[in-house]
Amino acid sequence: KTISVKLVVEGTSYELRVIPGSSVYDVMKQARAIQAMEFTGKEFPGVGYFVEGINGKQEDLRGRHFWIYYINGQKAKAGISSVFVNNQDIIEWKYEDEI
């Protein structure tokens, strides 16, 4: 049994099916496996995996631009390995200024 999740990266949507209990990280790995997108990042103890680059576009520490993700329009508050998806969730990535 699988659930349906939509992944949106800078306006491009991908419809994915994942097993119940999957994290946002699992969704991202599946998108990479089907070559829909590429991403890089790192695991931070206690807070989870954070994305540093998507499709070759890296975060810019000096310019204070980062990849920020939203679940169903709400800004996520933890790394992608710590947030789990539900059926029909929309995960949207935006490249934003962050203070």
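Colleague: Which backbone oxygen does the side chain of Ser22 reach?
Modeller: A polar contact is a pair of N or O atoms within 3.5 Å; within protein, one must be able to donate a hydrogen and the other to accept it, and residues adjacent in sequence count only if both atoms are side-chain atoms. Here the Ser22 side chain reaches the backbone oxygen of Ile19 at 2.6 Å. Bear in mind that this is a predicted model, where local features need pLDDT of at least 70, side-chain atom pairs count only at pLDDT 80 or more, and totals for chains, interfaces and linings use all residues. Residues are numbered from 1 along each chain as its sequence is written, and side-chain values use heavy atoms, with hydrogens and water left out.

Colleague: Is Ser22 buried or exposed?
Modeller: Buried means under 20% relative accessible area, exposed over 50%, and partly exposed in between (1.4 Å probe, protein chains only). Ser22 counts as buried because its relative accessibility is 4%. Glu15, at 54%, counts as exposed.

Colleague: What does Ser22 touch?
Modeller: Contact means heavy atoms within 4.5 Å. Not counting residues up to four places away in sequence, Ser22 touches Phe84 and Val85. With neighbours within four places set aside, Glu15 is in contact with Ser4, Val5 and Lys6.

Colleague: And how far is Glu15 from Gln88 in space?
Modeller: Their C-alpha atoms are 9.7 Å apart, although 73 residues separate Glu15 and Gln88 in sequence.
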